[in-house]
Amino acid sequence: MRRDRKRERDLARQRIIKLLRMADSIYKTEPDLAIRYGELARRISLRSRVKIPREWRSRYCKRCGTLLFPGLNATIRTREKRFPHIVIKCNICGSIRRIPYLREKSSRRVRL
Ligand SMILES: [Zn+2]
């Protein structure tokens with residue numbers, strides 16, 4: 001039983017990675033499909049409790065859950081004011097996130 005669950009989660013993880021890689025490779029020509037793949041990967045992740053791999057995790061909009069592609073449904077800018085950070089704006093719901101890009105202790109404490 002336990003083994004089956006592990007296998008299920010392995011399969012889920014593989015499917016998630018496959019979907020996200022596909023999404024990244026097609027988003028310029030098939031944006032709707034790419035966003036849909038992002039949704040699917042997220043749904044599998046929630047259902048199987050397998051986490052989205054780190055390289056994609058920060059690209060999901062925290063508010064509406066859409067997978068963001070720079071220049072397609074998201075605007076990404078860098079800002080130096082107060083602390084160096086990246087501003088990611090989701091063009092679907094308009095939510096804005098700031099991610100510090102220097103690994104300093106002080107930047108960890110910044111309120112987002
Ligand atoms: Zn959003």
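A: Rings of Phe, Tyr and Trp count as a pair if their centres lie within 6.5 Å, and a pair is called stacked when the planes are under 30 degrees apart. The model discussed here is a predicted one. By that rule, the structure holds 1 aromatic pair. Its members are Tyr27 and Phe69, whose ring centres are 4.7 Å apart. The angle between the two planes is 20°, and the pair is stacked, because planes under 30 degrees apart count as stacked.

The next point is where the two residues sit in the chain. Tyr27 belongs to the loop between helix 1 and helix 2, while Phe69 belongs to the loop between helix 3 (54–57) and strand 1. The pair therefore ties together parts that are 42 residues apart in sequence. Both Tyr27 and Phe69 are buried. For the whole chain of 112 residues, 33% count as buried.

The chain has 4 helices and 3 strands, and their order along the sequence is α-α-α-β-β-β-α.

Helix 1 covers residues 2–26 and helix 2 covers residues 31–48. Lys18 is found in helix 1. Lys18 counts as exposed because its relative accessibility is 59%, and the cut-off for exposed is over 50%. Although Lys18 and Ala41 are 23 residues apart in sequence, their C-alpha atoms are 8.7 Å apart in space.

Helix 1 and helix 2 also each supply at least two residues to the lining of the second largest pocket. That pocket has a volume of about 270 Å³. Helix 1 gives the largest share of the lining, 6 residues. The lining residues of this pocket include Arg5, Glu8, Arg9, Ile44 and Arg47. By class, the lining of the second largest pocket has 3 nonpolar, 1 polar and 6 charged residues.

The 3 strands form an open sheet in the order 1-2-3, with antiparallel pairing. Strand 1 (74–79) and strand 3 (96–100) are the edge strands, each pairing on one side only. From one strand to the next, the twist averages 20°. As a general rule, strands of a sheet pair through backbone hydrogen bonds.

Strand 1 is joined to strand 2 by 6 bridges. Across this pairing, Thr75 stands opposite Lys89 in strand 2. Strand 1 and strand 2 form a hairpin with 5 residues between them, and Arg82 in the turn has a positive phi of about 65°.

A search of the whole structure finds 1 cavity of 30 Å³ or more, and the largest cavity has a volume of about 30 Å³. Its lining is made up of Cys61, Lys62, Leu68, Ile88, Cys90, Ser95 and Arg97. These lining residues divide into 4 nonpolar, 1 polar and 2 charged.

To return to the request, the part in question is the stacked pair of Tyr27 and Phe69, with both residues buried.

Methods
Residues numbered from 1 in each chain as written. Predicted model: local features only at pLDDT ≥ 70, side-chain atom pairs only at ≥ 80, totals over all residues. Heavy atoms only, no water. 1 Å grid on protein atoms, 1.4 Å probe; cavity = no way out; pocket = protein on both sides within 12 Å on 5 of 7 lines; lining within 4 Å. Points joined across faces, edges and corners; volume = space filled by probe spheres on them. Nonpolar A, V, L, I, M, F, W, Y, C, P; charged D, E, K, R; others polar. Pairing = 2+ DSSP bridges. Axes fitted to C-alpha atoms, helices over the stretch in contact; angles between N-to-C directions. Phe/Tyr/Trp six-rings, centres within 6.5 Å; stacked < 30°, edge-to-face > 60°. Buried < 20%, exposed > 50% of the residue type's maximum accessible area, 1.4 Å probe, protein only.
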